[in-house]
Amino acid sequence: LALFLYVVVFRVRYFAMIHVLAIFIALGVGADDIFVYVNAWRHSRRVATSFEARIAYAHRKTYRAVLATSFTTAVAFFA
């Protein structure tokens with residue numbers, strides 16, 4: 001399916017091993033952000049009642065930490 005998307009839909013003629021590894025690199029950079037976000041989501045239950053308010057609260061509380069963890073993990077990957 002992925003090769004079909006690359007060749008037919010996106011018209012990429014060259015398919016290297018880095019294309020296969022890209023998903024693992026992206027998951028590695030964002031994996032620790034899930035823990036930060038889930039923690040804020042659990043805390044949002046006390047502050048907000050609606051789904052939209054909980055999402056907004058979780059984003060407000062986590063954006064700095066997510067930026068910092070993603071940046072440091074990306075630097076470690078690409079160093």
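Axes here are lines fitted to C-alpha atoms, for helices over the stretch in contact, and angles run from 0 to 180 degrees between N-to-C directions. Helices (H or I, at least four residues) and strands (E, at least two) are DSSP runs, numbered from the N terminus.

The structure is a predicted model, in which local features need pLDDT of at least 70 and side-chain atom pairs count only at pLDDT 80 or more, while totals for chains, interfaces and linings use all residues. Residues are numbered from 1 along each chain as its sequence is written, and side-chain values use heavy atoms, with hydrogens and water left out.

**The chain as a whole**

Let's start with the overall picture. The chain has three helices and zero strands, giving the pattern α-α-α along the sequence. Its radius of gyration is 18 Å, well over the 12 Å that the globule rule gives for 79 residues, so the chain is more spread out than a compact globule. That radius is taken over C-alpha atoms, and the rule is 2.2 Å times the number of residues to the power 0.38. Along its principal axes, the C-alpha trace spans about 50 × 30 × 15 Å.

**How α2 meets α3**

Helix α2 covers residues 17-47 and helix α3 residues 51-78; the two pack at an angle of about 155°, with their axes 7 Å apart. The contact of α2 with α3 has 16 nonpolar, eight polar and five charged residues. In this grouping, Ala, Val, Leu, Ile, Met, Phe, Trp, Tyr, Cys and Pro are nonpolar, Asp, Glu, Lys and Arg are charged, and the others, Gly among them, are polar.

**Two buried residues**

A40 sits in helix α2, and S70 in helix α3. A40 counts as buried at 8% relative accessibility, and S70 is buried too, with a relative accessible area of 18%. Contact means heavy atoms within 4.5 Å. Leaving out residues up to four places away in sequence, A40 touches Y57, A58, K61 and T62, while S70 is in contact with V29 and D33.

Here are two C-alpha separations:

| Pair | Apart in sequence | C-alpha to C-alpha |
|---|---|---|
| A40 and R54 | 14 residues | 9.0 Å |
| S70 and G28 | 42 residues | 9.2 Å |

Conventions. Buried means under 20% relative accessible area, exposed over 50%, partly exposed in between (1.4 Å probe, protein chains only).
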